[in-house]
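Work through the exercises below with the sequence and the model at hand. Each task is followed by a solution in steps.

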Amino acid sequence: MKGAVLAVLLLSTLCVHAQENSSTLIANVDGRTIISLDGTWNTIVDPYETGLNLRVYEDAKPKSSSDLIEYDFERSPKLHVPGDWNTQRESLLFYEGPVWYQRDFSYQKRPHTRAFLYFGAANYQARVWFNGQKLGEHVGGFTPFDFEVNDLVDGENSVVVEVNNTRRLDGVPSLNTDWWNYGGLTRSVKLVEVPETFTDNYFVQLAKGRTDQIEAWVHVTGPAHEGEATIEIPEIHLKQSARLDDSGRASFQFPAHVQLWSPENPKLYKVVISAGGDSVTDEIGFRTIETRGTQILLNGKPIFLRGVSMHEEAPFRSGRAFSEEDDRTLLTWAKELGCNFVRMAHYPYNEEMVRLADKMGLLLWEEIPVYWDIQWQNPATLENAKSQLREVISRDHNRAAIAIWSMSNETPISPERTQFIGALAAYARQLDPTRLIGSAMSHIDRTSAESRVLSDPLGQFLDVLGLNEYIGWYEGKPEDADHMQWQFAYLKPVIVSEFGGGAQYNRHGDTQTRFTEEYQANLYEHQFTMLGHIPQLAGMSPWVLMDFRSPRRLLPGIQDYYNRKGLISDQGQRKQAFYVLQKFYAEKVKEGSAVAIK
Ligand code: GCU
């Protein structure tokens, strides 16, 4: 084990250096001057990736009738951005491969400004050209990326993006997932205009374990990155300045008396960050999140996480969720259940959803798609996972709602895997020392018919232990849970990050009949009995809020390519188990307030 820990430390240090050399990723783009490039884009579906040889990225037009140009974006079918292609065109539902996107737009760059092309996400691999020039590539389907286009802007501009969602053995995730591999420009595309010297990122949060002290940094990039940066919180008449160092970074530590953010009181403050003539405004909540023994503490007080797991899938129309309406519907359903916590499985969701949780008062578990088995010994796969982690943390590290960064889900135990994820955990702590690190684990020792032990060595690297168990569905009968005893190798807070069973809305029968609402509801009841026997239990997020598309779900007339473990159908119909969980959480709240009064 000592060898493994040392190897983990070495790996994480190596990668930090790589990070410092990467190009800037602008935080809080909606706090900047932006031109939306959303809307209808021309598209070419290119299963054999012929477009590379044809150099479609040049977006060329025949100059004479004898010119041979074998593509024409303008006369090609259209797709809406943001949006996956699978649910926009019947013929693309199962399509995995390259699709070329192109659109024109007018933009004249103003003096003393810089322009960046910003993508909220593109699944899975994206190659980007601007006016025929290659800007770069990005791998990872759920995190933002941007490219500077300064010298290429020319009044009338053409952007070409090749998006390829082919699954890859060395990918993150790899070949096998229990969710639909939605491809495309799944989130907004923007042109961001900033001053020559601007604040590309900042971190303004309470110091670890302190409710009266803010610890912050501001990073400025550009020719004039010297002088001072200032943080202002007008509502509490606070204004603090600090010198920028040679790398354009200013560090802050100052007392602050703020109302603490919590699900009951999701208080956000207007915060203004200015430096080098640039200023950006954000809405930030202040709270502390820690563990003490087997408890999770929010603002220094124990909290029980009443949660639900979900996918970033749009209710009613299916497809990758991206709109404010999609996000609000899903989070409102979680609130209606009585949740104060949501596990965003298994990949980072759109930024708007995270900001909405900040406003609505929902704590979040945010995860990178290190899911099931991936190439643990492949350094490129590790770097891929690290860059996804870096991108999501740099995007969401000012969100009070985010409590837990999750490194992985249900990964098979091996020294290589534990080392890999250990390195991710160490890296996450370097990027953000203020939040909890977790993972969802499912490899359980069955020590007898009625006892289970979670002894996964991954636990040593985590603050909270996520446990995925399916007693009553993949294992045994629902009532087997009643007498099940659990033990954990680490004395840390446990979140039962998944349990559940399938039910088709409006399919009824006795509690022993699979896929009936009665079976699912009964399973929940027995789970509550079992969870009540786990002294280390600090939270739960049953699987899953809403039925979602999955290529692994083949049962005709019931699944039809949907995972039916939702408490709500994909058409918004609540199943019996929804009300069973709602009642359980209402009792938990009553219990909690009784404890609080004591
Ligand atoms: C797993 C996994 C989920 C999956 C679920 C299921 O635990 O983490 O992604 O959808 O089980 O089988 O329904």
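**Exercise 1.** In which order do the strands of the open sheet of 3 strands stand, and with what pairing?

Solution. The order is β26-β27-β29, and the pairing is mixed. Strands are DSSP runs of E with at least two residues, helices are runs of H or I with at least four, and both are numbered from the N terminus. Two strands count as paired if DSSP finds at least two bridges between them. β26 (445-448) and β29 (485-488) each have a single partner strand, so they stand at the edges and one side of each lacks a neighbour in the sheet. From one strand to the next, the twist averages 25° (axes are lines fitted to C-alpha atoms, for helices over the stretch in contact; angles run from 0 to 180 degrees between N-to-C directions). β26 and β27 (residues 451-454) run antiparallel and are joined by 3 bridges. Within this pair, D445 is opposite V453 of β27.

A note on the source: this is a predicted model, in which local features need pLDDT of at least 70 and side-chain atom pairs count only at pLDDT 80 or more, while totals for chains, interfaces and linings use all residues. Residues are numbered from 1 along each chain as its sequence is written, and side-chain values use heavy atoms, with hydrogens and water left out.

**Exercise 2.** Locate S262 and decide whether S262 is buried or exposed.

Solution. First, find the loop between β15 (249-255) and β16 (269-275), which holds S262. Next, apply the cut-offs: buried is under 20% relative accessible area, exposed is over 50%, and partly exposed lies in between (1.4 Å probe, protein chains only). S262 has a relative accessible area of 12%, so S262 is buried. Finally, list its contacts (heavy atoms within 4.5 Å): leaving aside residues up to four places away in sequence, S262 touches L298, N299 and G361.

**Exercise 3.** Describe the surroundings of G39.

Solution. G39 belongs to strand β2 (residues 39-45). Its relative accessible area is 17%, so G39 is buried. Residues up to four places away in sequence aside, G39 touches L79, H80 and V81. S279 is 240 residues from G39 along the chain, and their C-alpha atoms are separated by 29 Å.
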